[in-house]
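Biologist: I'd like to go through this model and ask where the labels come from. Can we take it feature by feature?

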Amino acid sequence: MNKFYLLLLTFIAFDLQAQNSISGKVIDPSGQAIPGANVYIQNTYEGTSSLVDGSFSFTTEETGPQILIVSFIGYVEQQQVIELPATESLIVTLEEQFSRMEGVTITAGAFEASDEKKGVLLRPLDIATTAGATADISGALNTLPGTTKVGETGRLFVRGGEGHETQTFIDGLWVQNAYNATVDNLPSRNRFSPFMFKGTLFSTGGYSAEYSQALSSTLVLNTIDYLTANQTDFSIMTVGGSIAHTAVGDKHAITGELGYINLQPYFSLIKQNDQWEKAPQSLNGSLVYRYKIKKTGLLKVYVSASHGSLDLFRKDSQTLTKKLPLKVENLYAYVNVSYRNLLSDKWSVFAGMSYNFSKDDLVADREKIAAQERGIHLKNTWTYDWNERLAIRMGYESFIKKSQFDVVSQEEFNTKIIDDVLTGAFTEADIYLSKKITARAGLRVDYSSLQGEVAPAPRLSVAYKTGEKSQVSFAYGQFAQQPQSDWLFEKSDLDFESSDHYILNYQWSSNDRTLRGELYQKEYNNLVKYEGDFINGISSLNNAGNGYARGFDLFWRDRKSIKNADYWFSYSFLDTKRQYLNYPKEAVPSFASAHNISLVYKHFVSSLKTQFGATVSYTSPRPFHNPNKKGFNDERTQSFTDLSINAAFLYRQNIIFYASATNLLGTENIYGYRYAKEPNSNGNFNSEAIQQGAPRFLFLGIFITLAKDKTKNQLDNL
Amino acid sequence: MKTIYLSIISLFTCFTLMAGNGAYEKAMQKNLEAMAHAQDKQAMLEAANGFERIANNEPEEWLPLYYAALTYINMSFFETGVEAKDAALNKASSFIDRASFIAPEESEIVLLEGYQTMMLLSADPGNRGQSLSPKVMQLFGKAMQMNPENPRAYYLMAQMEFGTAQFFGNGTEKACALVNKSLELFGKGTSENTISPSWGEENANKLGQECSSEQKQ
């Protein structure tokens, strides 16, 4: 019997295995405790978390040599061989792991609006709700620093650059005609709705080597990746209406939209300064398609087409005495197809194509003009993610452009054609040197078959984190752009125009407040110069023109101080002169103004479920040339002021009422003066003020979304 | 003597068997209790770390990853400020991704992803409401389609409806109908498996009380 009890005891002893204890402390290289770290033995469940003072202690049934693992987010996992039972307390030091998310982003010359990235200054919704813009992307961006308001065009003029010096890209692909068709001194709108985009990157200079053909700035728009719900959207507005439907499946999603705009009813109610025969009207349609390829790939297709026309009377440009018909009819189509995918842990690829077609038929000054522009943009970029600290991008692209300009007047028939293939290649590296320093260096080369010229363009930018909430960044770049078609029609072997940018930026931002200041210097070279004018003829086209633009911008945004309110203030100072085109001497160009101020204010009143907005803008006097006086561009207009308001009433979750008024006070703003091309009988040139189309622009709209309710079936069973 | 040896051997095998299979369930039970009783961030971190350790040892199981994510989502309630909430929710997201890789057809994981997105939305509703709201509804709807008997799906959908009703000043009938349906399904009892998801009844009851007090008015 004794033997039996001995045997039983040994069996029991097997079950009562020894409990070994492990204890110690988890710290970082500077000796500070790391609480909440996961401390455990490999291949077991046994472990614990470190306490507030970094200490840990747990027991285990394992013996002999074991691997102890200590891990905590943001730090490199530590593995240590220990011998159990442990004889002494362990000190484990964790090294910080570098993560790009915590690095500093380069802000010089860039304004990003995004729903996804951290630390952005604007969200796409901000663009749609800015008073005075009536949901026009360019209108809203005009309230940001670095822009000069040139109201008669409705386009973006950035830091002393002309409107065509800012180019638009959608999903990385070029948009040749981003603005709807118009005539001189009649503002146009950006063709694309801000709701299409998840992110907008507006650069005021120094932009990435990925883009080219824009001497001043780029507007990079990224469309929404995933359409999430089956829904139908309607809009009924004082200017027209639209209907759109989205159908979403597991892998595919498609949206179709149809819209019609006609300003005739509005013009008959509200008196306009111009004499209209047929108010602007347009019919447009678009299609958006998404196809998700496995887990990481996405194919995006965007197709848009529109037909627009307008007909008004304008004084003839020769003498400014007779009113002649001015008609425009435009046909436009745009296709954008892009594909991107992750090929491996490190490689990702993008390939895309855009097709742009625009045909304008104009009747002006008793001349018939037909202008046609076609372009294809092909682009392929590869990104290699070496590690957390280095990413390299390289790409190749091709623009195939064909422009044709036909003039039929009483005397003659004239045709001009340009056929050009622009090719470009670029490479750029994003270097995350540390948590405090990020650099981006790139090189780009462009070649034009028409001009027969190669233009290299280096780019460099660096950002340095000066404090927890502040940073300094610097950007330098050389930029090249093909001369406008007007000049290439006459002389096809002109050189690329070029500009050099130097930008210094300081930014301080907390969660709800941002302060940003930027200093810049731009040097223009190889600008087109010629002698003569369009009536008597142009001669001596060359690239001897030059110019400069320098100044500083200030931006302050505050979403905290006033409850439920969000406001931003921007001020831009610009000092610029050019000696280009047929300027007799160096002068301030007529689109430039020294001071531009905007104050944008938005306030949500929850009891009324309404967001109210107001924008105040001021632009200092602009130069214009008066041929009746000596000198060139020596005269100045008065300053421009505008107070615009808007209100969005969220009647229900899916019904929004929207009302806005631009230039509420009806201030008479004059942008400049048109002068007759030939003197009248007294030897003077007649003039006409270039004004707003009407003292005010009023807008009302209802936006309704009907979504297929997924819970409906479930509730019916209750 | 033979019988004694036999019984000793069977006792011994019993002990070893218990040491083998029960380990996973035992560890899960222990951490589930820790998660249920956690009242502060440190306690939640310990429970989450516990689930993470189990997950590292059981590459075929999605439940430990699921609960680690759920713990981090609950932790975000205790955090103040958008950045801190986002940090906890992003950690939850990494666990949800791992779990859905193992079990892509599991409705509880889809529902949890909707819950995590809903919490991201509530961290900064003014800015995220418009962009995240459709994603939340889509995920809840998908989970409901995958398993129409899941009480948590109705409870979470009700929570979302309550939020929007509050913001837009609409009635709460739809939300209350969903709460009642969820309570009905909770009442039907849980599955035999004691470690599969069974949370939410307490909170659903609280919502239900709000509904009945409103009806009385």
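Biologist: Which residue of S36(A) does Val616(A) stand opposite?

Modeller: Leu643(A). Keep in mind that this is a predicted model.

Biologist: What makes S33(A) and S36(A) a pair of strands?

Modeller: Two strands pair if there are at least two bridges between them. Strand S33 (residues 610-619) of chain A and strand S36 (residues 640-652) of chain A have 10 bridges, so they count as paired, in the antiparallel sense.

Biologist: And how do you know that S36(A) pairs with S37(A)?

Modeller: By that cut-off of at least two bridges. There are 7 bridges between S36(A) and strand S37 (residues 655-662) of chain A, again antiparallel. For one of the partners, look at Ile645(A), which is bridged to Ala661(A) in S37(A). A hairpin of 2 residues links S36(A) to S37(A).

Biologist: What holds such strands together in general?

Modeller: Backbone hydrogen bonds, whether the pairing is parallel or antiparallel.

Biologist: Let's go to the sheet with the order S3-S2-S5-S6 in chain A. Why are S3(A) and S6(A) said to stand at the edges?

Modeller: Strand S3 (47-49) and strand S6 (78-84) of chain A each have a single partner strand, so one side of each has no neighbour in the sheet. The sheet is an open one of 4 strands with antiparallel pairing, and its twist averages 20° from one strand to the next. Something from chain B packs on this sheet too: H2(B) touches strand S2 (38-41) and S3 of chain A, and its direction makes about 145° with that of S3(A).

Biologist: How many bridges join S5(A) to S6(A)?

Modeller: 7 bridges, between strand S5 (residues 64-71) of chain A and S6(A), running antiparallel. Among the residues involved, Ile69(A) has Gln79(A) of S6(A) as its bridge partner.

Biologist: Over to chain B. Why are H2(B) and H3(B) called roughly antiparallel?

Modeller: Helix H2 (residues 41-57) of chain B and helix H3 (residues 63-78) of chain B pack at about 165°, with axes 8 Å apart. Angles over 145 degrees count as roughly antiparallel, so these two helices get that label. H2(B) passes H3(B) in a left-handed crossing.

Biologist: Which residues make the contact?

Modeller: From H2(B), they include Met44(B), Leu45(B), Phe51(B) and Ile54(B); from H3(B), they include Leu65(B), Tyr72(B), Met75(B) and Phe78(B). By class, the contact of H2(B) with H3(B) has 14 nonpolar, 3 polar and 1 charged residues.

Biologist: One residue I'm curious about is Tyr266(A) in helix H4 (residues 264-269) of chain A. What makes Tyr266(A) buried?

Modeller: Buried means under 20% relative accessible area. Tyr266(A) has 6%, so it is classed as buried.

Biologist: Which residues is Tyr266(A) in contact with, leaving aside its neighbours within four places in sequence?

Modeller: Thr238(A), Gln272(A), Arg696(A), Phe697(A) and Leu698(A). Phe157(A), 109 residues apart from Tyr266(A) along the chain, has its C-alpha atom 29 Å from that of Tyr266(A).

Biologist: And how much of chain A counts as buried?

Modeller: 47% of the 718 residues. Chain A has 6 helices and 40 strands, and its C-alpha atoms fill a box of roughly 140 × 65 × 45 Å along the principal axes. Of the contacts in chain A with a separation of 6 or more, 59% are between residues 24 or more positions apart.

Conventions. Residues are numbered from 1 along each chain as its sequence is written. Chains are lettered from A and ligands numbered from 1 in the order in which they are written. This is a predicted model: local features need pLDDT of at least 70, side-chain atom pairs count only at pLDDT 80 or more; totals for chains, interfaces and linings use all residues. Side-chain values use heavy atoms; hydrogens and water are left out. Axes are lines fitted to C-alpha atoms, for helices over the stretch in contact, and angles run from 0 to 180 degrees between N-to-C directions. Angles under 35 degrees count as roughly parallel, over 145 as roughly antiparallel, 65 to 115 as roughly perpendicular and the rest as oblique. A crossing is left-handed if the near helix is turned anticlockwise from the far one by less than a right angle, and right-handed if clockwise. Contact means heavy atoms within 4.5 Å. Ala, Val, Leu, Ile, Met, Phe, Trp, Tyr, Cys and Pro count as nonpolar, Asp, Glu, Lys and Arg as charged, and the others, Gly among them, as polar. Buried means under 20% relative accessible area, exposed over 50%, partly exposed in between (1.4 Å probe, protein chains only).
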